[in-house]
Amino acid sequence: EEQNTTVPETSESSVEVCPSTSKTNDKGKRKLDLQGESSQRQLPARKRPREDIQDSAIRKRLRQPKLSFGKGDTGQAERKRESDGSQRGTAEEVILSYVKNIMRDVDKKLPKQDDKFNKFLKNNIKHLETDKREVVGVFGRTGAGKSSLINAVIGEQGLLPSGDISACTSVMIKVEANMLNPKYEAEIEFITKEDWKEELWTLFNFLGDNDDPEKDEDYLDSVETLSMLYGEEWKNRSPENLMEKKFFKEIPEFLSSKSKILTSDTAKELSAELVKYTRSESKEEDAKDGKKWYWPLVKCVTVRVPKNAFLQHVTLVDLPGNGDRNKSRDTIWKKVIGSCSTVWIVAEIKRAASEKESWEILEESCSFMGNGGECRQIHFICTMSDNIGGSGNQSAADVRDRILKRNKQAKRDVRAEFSKLKEVKKQLSEKCFEVFTVSSDEFLEKIHLDPVDTEIPELQEILQDLNEWHSETFNYVSGARGILSLMKGASIREGDIKTTVCKELEEKLSHELVKVREPVEETVAAFKRCLIVGVEKSKDSCDKVLKSILYPTKKGGAFHKILKCLVQNGGIHKPKKGKSININMKLSSCLTDSIDEEFKKTFPNERNSGPFNGVINTFSLDTEKLMTNKECETVKLQLTFFKTEEEKMKTNLNNLIRERKKTIYSSLTTTIEETMKPCYDRAKEIKGEGMLKNMRETIEMHVHDSKNVMFAQAKDTMMEQMRELMLDILKNLESTMLESIELSLKTDGVSIPDVSDELEMVKNYYNELTKSPDDDANL
C-alpha cells in the first residue's frame, strides 16, 4: 500500500496539501474555505452531505505517507483551517488523486487483446471521470451591476468591464476555470458569414423610409450596430458591399470560421483586450475616428480564470436580454438558458420590484428554464444596496441600520411582485425563488457593512455547493471499486452459484421492467388526453391570437417593418428593448398550456425528485439482499460491481431523460414553426403597393387553411417523441443490466492482472467517503 510522496497528476489539476500543525476541536464539522490563487478572499463555510476530513486523519486510517507538495503545482485548491488559518488540501481531493493514479496503472496493465471483456474494462475506466458542469445564468438591465457582481463573487476584480452605464454587454460571456495553465484566456466564437448576411438585411430593413427616425429605437439600433463595425463606411453601401474581405482584415478568424484566442497574465489586461469584442460603447467619436467594435460578429465569448475554485465545476454566463435577433446567438442563448440549473436576475435595488425589464426577462424566459430546461433555483439579486443617499452626517451604525432596513423591505416587495406572475409559476414554483440584497462595493471596502451583510458570501456559498466536491470524488471512487471488484471476481470459478444468482437477477429484472413500463405508459396516455384538449382550444383561438399580432394597436405605420422582420426571421422579432414577438410560440400556446402541469409533474427539475414519479430512482434488483446471503459469499465481488453499474445506469438514464424532455417540450412550437415556414417564405417575397395588407392576408390564409392539420400534427409529433423516450428507457434498463449480468456472472477465469492490492486500497478510500462525519470527532 506504499504510495509515492508526490501528487499523481490528474487531467484537471494537481493538489496542494499543507498539513495542519494544530489540533482541532470542531467535532468533525469543519469549515471549508476554498480560495482561488487569483482571489484574496475566503469562501464562506457551508454544510455538505459529507464534511471534509483532515489529511492527517486519512493517512492514519489508510496508512498513507505524509504528503508534501511544492508551490509550483497548478490547479491547487487551498483551504484554511478555522482554528489557526493554516492551509491544507482537502482529503477528498487527495483521495481522488490517489484513486485516479491507481486506475491509470490498472489500465496500463490490462492485456492488449481486443476481446469484449477488456474493451468493457478500458472503456469504463476511461469514463470514470466526468465533468458535469453546473450553469448559472445571469440576466439584468444595462447598468444594473451584473459585471461588478460576477467580479466580486468569484474574487476577480476587473475581469468583466463595469462602471460605464452607457456601455452594454452585447454578447454572451461564459466565465469558467482554467485548469490547464495559469493564464487568463478568452475564446471568441464568431457567427457565420451567412448569418451576418442575414443580419445585414434586417439592419438595412430598419434603415428604410422612416417618418421620425430619431424616435424609432430599431432604426437607431441599426445605425449604432453598423457604425460600431464599419465606422462611416457603411453609408451609401449595399449589404453585399459590406461583406467584402477588406472590412474584416483585423479579424481573419471570422472569415475562416475559427475561434480567436486571447491570453493574458492578469484579469485587467484581458478585460481591456476583450472590450471591443463584447461591448457597445455608443460613442460617436469612435466611429468618426475609425475605431471598430466587433461585438456584432461575435456569437459567444468564453473567459477562463486560472485556479478559481468557485468555477471548477461551474460556468457563470452573462446573458444579454431575452435572446437575440441573430439566429446563431439566439440558438446558443436558448441552449444555454435551457441548461441553467440556477438563474440570477440582477436589478438595482432602488427599482427592483418595479423594474419592468427584469420581470419581462423572467416572463419570456420561464418556459426555457422550467419545463423546457432544468432550472432549480431563481435568485433575484438587488444590487447597490449600500446606495441610500443622504448619509453624510450619519454614524456608520445608523447607515448600516438604514441599509438593512431597506434591504428587508426590498425583499418583501420583490417577493410580492413574483407572487403575481401566474404564467411564471406554472413553470417555476415559489419554493425555488429567493431574493438577495447585495453590495459589491461594500463587500470589498467594508465602509458601513460587514461582508456577511452584503450577502456576497451567500452567493459564493451557492457556487460552492454547485461544485459538488463530494459527489465528484464519491462517484469516481465508487465506479473504480466496482471495476476492480469485477476484475477480481472474474478470476474466481464458482459455476453453480453463479448460475443460480444469474437466474434470480434475470427474473428480478423482468419484474422491475414491468414496474417501470406501467407508470410510464400511464403518463404517455395522460399527455395524449391533455393534448387532445389543447388541439381543440388551439383551433378555436388561433384566428384571434393571430389578429392580436398582425393588427397591433400601438405600432402604427412602423409595423410594416416589424412584419417584414417577422417573415424574414421565421415568425420571430426581437427588438432591442421591449417584448419580443413570436408568432409560432403564440400559436402553440394553447397546446403548451394544456400539458404544462402534467409536464412539470412528470419531469421535475428538483434534485430530490425523479422523472415519471421516481420510477427510475426506485428501480432495483436488490443486490444488497443477495450480498447478505451466505450462499452468495463467493460472488460478492461480482454483486458489488453489479450494484455500481445499476446506480451508474440510473444516473445516466436520468441525464438522458432530462435532455430529451427539453426537445419534447419544445417540439410543439418547433412543429408549428415548420408548418408556418412556407407562408413566411411567400410573404417575404411580397413588395410594392399594398405590401402590408398582402403579407397579413398571406399569413392569415395559411393559418386558416392549416389549422385543422397543424395543431394535430404538433400533438402527434410530441406523442411520438414521448413513446420513443419510453421505449429507450426500457431498452436502456434491460440492455445495460443484461450486459452487467453477463460480464459479472458469465465470465470466468479470463486473463487479467491481479488487482487484489488495488481493490483493497480503493475499498478503504470508499469506506472513508461513506463513513459518518461524526466519526471524525473520535480521532
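**Note on helix packing in a predicted model**

1. The buried residues of helix α5 are covered by elements including α6 (217-230), α7 (252-255), α10 and α19 (559-568). Contact here means heavy atoms within 4.5 Å. Buried means under 20% relative accessible area, with exposed over 50% and partly exposed in between (1.4 Å probe, protein chains only). Helices (H or I, at least four residues) and strands (E, at least two) are DSSP runs, numbered from the N terminus.

2. This is a predicted model; local features need pLDDT of at least 70, side-chain atom pairs count only at pLDDT 80 or more, and totals for chains, interfaces and linings use all residues. Residues are numbered from 1 along each chain as its sequence is written, and side-chain values use heavy atoms, with hydrogens and water left out.

3. The chain has 26 helices and 16 strands. Of its 779 residues, 54% count as buried. Among contacts in the chain with a separation of 6 or more, 80% join residues 24 or more positions apart.

4. Back to α5, residues 193-205. Its buried residues are D195, W196, E199, L200, T202, L203 and N205. The length of α5 agrees with expectation, because 13 residues at 1.5 Å each should span 18 Å and the end C-alpha atoms are 19 Å apart. The expected span is 1.5 Å times one less than the number of residues.

5. I562 sits in helix α19. I562 counts as buried because its relative accessibility is 7%.

6. Helix α10 (residues 327-338) packs on helix α11 (residues 356-369) at about 70°, with the axes 8 Å apart. So α10 is roughly perpendicular to α11. Axes are lines fitted to C-alpha atoms, for helices over the stretch in contact, and angles run from 0 to 180 degrees between N-to-C directions. Angles under 35 degrees count as roughly parallel, over 145 as roughly antiparallel, 65 to 115 as roughly perpendicular and the rest as oblique. W333, K334, I337 and G338 of α10 meet S365, F368 and M369 of α11.

7. Helix α21 (residues 589-602) and helix α24 (residues 636-683) cross at roughly 155°, and their axes come within 9 Å. The two are therefore roughly antiparallel. L591, T592, I595, D596 and F599 of α21 make the contact with K661, I664, Y665 and L668 of α24.
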